[in-house]
Amino acid sequence: MSGSSVLRRLDWLTVFLFALLVFFGWINIYSTTLTENANSIFDFSTLHGKQLFFIGLSLASIVIIMALENSFFERFSSLFYIISLILLAGLFVFGKTIAGATSWYDFGFFNFQPSELGKLTAALALAKYLSDIQTDLRKIKHQWYAVLILLVPIVLILPQPDPGSALVYFSLFFVLFREGLPLQYLGFAILLILLFVSTLMFGVIWVGIGLGIITSVFFLFKKPTLKVPTLPLVLFLICCMGVSLSVNFVYNNVFEQRHRDRFSLWLGLEKDPIRLEQIKKTIGYNTYQAEKAIESGGFIGKGFLEGTRTKGDFVPEQHTDYIFSSVGEEWGFMGTTFIVLLFSLFFLRLIHLAERQKRSFNRMYGYGVISILLIHYFVNIGMVIGLLPTIGIPLPFFSYGGSGLIFFTAMLFIFLKFDAARLSEI
């Protein structure tokens, strides 16, 4: 397909929403990083100037993507995946440590984070494997192969340590469920999370009582014709109690103190007021200040460049992971609502595009892109407003950072290129 044909068929509504997100993201980066010494917006010694440079690189990546054949990304998806794994492994030897995580390669002006490339290549590799005519997710062997594609980069990322990036890879499991992975696995994962959180909050005894009550209510109201095998039910309850009994050991011996502090703050586990105040001033400081910044913005905000907490550097990392707090302070409830609606329209449009794909590879890759961007969006905003524990992942297209913006952009426009070519595909 010619370049002009691709441009005509490109979904310009999605491009417009993308451009708005990048623009408003840069506006807030400019506000949070502006100093008295800045000469112009094109001053590349400043963070907002560097972000303009990254935006330029992102636009260049779009041009390159549009010039390549559609089959290029599918044909070399396995090679790209292997290269990303090599780059992730190389961090243990050549990586640069920033904020306690060895997650970057230092190229002077630009720090490259290979986990961002890995998200793109993992989505391509997973779509390639699942779209193979011989792949059947009803078979255990094929399920394991698909899961292995996601677990290998996770295993390489966790020791950096970068649990936030590792969490993003788990979002690609939604692609597996969309394409036929039995929902029992999802139910099992949700059950484990509920057991873990419930045990931390209420203790093993109350979890056991709760399981007993739920089982009793089930048998009390179930239809007489519904037969429930006794032995599997007993084994299931024993396994649940086993998981609950192991929670305290995992929590106290596997988790680091900073992880325990984050759970204590998030779930309200700490009862000692002195210790709780100490946690708020350390682990919970960023979230506390972010909430105060958003709260201070009120309904219409303090105005552009008028955020006192922003100017006073009260919120650490306000131009990256906590950039949504600057939206709340300067643009208020109206501004945060606008950004949430903008992201919502963006995701709904991507889902529509994914569902109309003729080729299974394109559809699966599209849902991979959606899954990755969605978990970034929900976790980042949930973290900033205190609904989720602190996890260091950026807001897509919005937060400061070259690797994130460039690869988010590449990820999106590869999918838009696939969509533009759908009418010519069989």
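Here are some notes on the model above, point by point.

1. A word on the basis first. This is a predicted model, in which local features need pLDDT of at least 70 and side-chain atom pairs count only at pLDDT 80 or more, while totals for chains, interfaces and linings use all residues. Residues are numbered from 1 along each chain as its sequence is written, and side-chain values use heavy atoms, with hydrogens and water left out.

2. Leu126 deserves a look of its own. Setting aside neighbours within four places in sequence, Leu126 is in contact (heavy atoms within 4.5 Å) with Ala146, Ile149, Leu150, Leu172, Val175 and Leu176.

3. Next, α18 and its partner α19 (residues 402–420). Their axes lie 10 Å apart and the helices pack at about 150°; axes are lines fitted to C-alpha atoms over the stretch in contact, and angles run from 0 to 180 degrees between N-to-C directions. The pair is therefore roughly antiparallel, a term for angles over 145 degrees. The crossing of α18 and α19 is left-handed, that is, the near helix is turned anticlockwise from the far one by less than a right angle, with clockwise giving right-handed. Among the residues making the contact are Phe361, Tyr365 and Val369 of α18 and Phe408, Met411 and Phe415 of α19.

4. Compare that with helices α2 (residues 12–33) and α3 (residues 47–67), whose axes come within 9 Å and cross at roughly 160°. These two are therefore roughly antiparallel as well, but the crossing of α2 and α3 is right-handed. Their contact includes Phe18, Trp26 and Tyr30 from α2, and His48, Leu52 and Ile55 from α3.

5. In helix α8 (residues 163–170), the buried residues are Gly164, Ser165, Ala166, Val168 and Tyr169. Their cover includes α6 (114–131), α7 (140–157), α9 (173–178) and α18.

6. Most residues other than glycine have a negative phi. Phe397, in the loop between α18 and α19, has a positive phi of about 65°, and this residue is buried at 3% relative accessible area. Leu305 also has a positive phi, near 70°; Leu305 sits in the loop between α15 (285–297) and α16 (308–311) and is partly exposed, at 27%.

7. Thr336 belongs to α17 (residues 323–355) and is buried, with a relative accessible area of 11%; beyond neighbours within four places in sequence, Thr336 is in contact with Phe324, Val327 and Gly328. Ser216 belongs to α11 (residues 204–221), and its side chain reaches the backbone oxygen of Gly212 at 2.8 Å.

Definitions and conventions. Helix = DSSP H or I, 4+ residues; strand = E, 2+ residues; numbered from the N terminus. Polar contact = N/O pair within 3.5 Å; in protein donor to acceptor, adjacent residues only side chain to side chain. Parallel < 35°, antiparallel > 145°, perpendicular 65-115°, else oblique. Buried < 20%, exposed > 50% of the residue type's maximum accessible area, 1.4 Å probe, protein only.
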